[in-house]
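The sequence and structure are shown below.

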Amino acid sequence: MDPVALASGIEPEQALADRQALIQLCLYAMDRAHSDGVAERIEKGLAAVGVHALRPDGARFDPAQHEAGGAVRTEDARLEGTVAETEVPGFVDHDRLLRAPVVTVYTRR
């Protein structure tokens with residue numbers, strides 16, 4: 001059994017569920033924070049426990065990892081299909097995707 005869960009009397013499954021609920025609450029609060037400083041502090045706190053923001057600006061668009069929120073035209077063929085801007089950051093909990101980033105993608109159409 002997990003030493004923290006054992007010491008607190010909580011089963012590991014419950015401790016994991018509680019962790020996930022707290023992460024979701026932090027993401028909710030961060031999305032609605034009126035202060036950049038508050039949002040930054042929440043993001044740093046999440047990073048300290050293994051939850052990291054995804055801002056894939058400049059990466060190739062991958063529909064399995066990104067959600068397209070819009071497109072912006074470009075004449076540069078090299079930019080087509082790359083992420084122009086992250087509209088809403090995504091988050092991973094260690095290696096598990098919690099929320100895909102919403103991105104704007106370069107297109108030549």
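In which sense do strand β3 and β6 pair, and over how many bridges? Strand β3 (residues 83-88) pairs with β6 in the antiparallel sense, over four bridges. The model is predicted: local features need pLDDT of at least 70, side-chain atom pairs count only at pLDDT 80 or more, and totals for chains, interfaces and linings use all residues. Residues are numbered from 1 along each chain as its sequence is written, and side-chain values use heavy atoms, leaving out hydrogens and water.

Strands (E, at least two residues) and helices (H or I, at least four) are DSSP runs numbered from the N terminus; two strands pair if DSSP finds at least two bridges between them. β6 also pairs with β2, in the parallel sense and over six bridges. The bridge partners in β6 include the following.

| Residue | Bridge partner in β6 |
|---|---|
| E67 | V102 |
| V88 | V102 |

H66 lies in the loop between β1 and β2 (67-73). H66 is buried, with a relative accessible area of 12%. Beyond its neighbours within four places in sequence, H66 has contacts (heavy atoms within 4.5 Å) that include F61, V83 and V103.

An open sheet of three strands has the order β1-β4-β5, with antiparallel pairing. Its edge strands, β1 (51-54) and β5 (96-99), each pair on one side only. Four bridges join β1 to β4 (residues 90-93), and L54 stands opposite G90 in β4.

Technical notes: Buried < 20%, exposed > 50% of the residue type's maximum accessible area, 1.4 Å probe, protein only.
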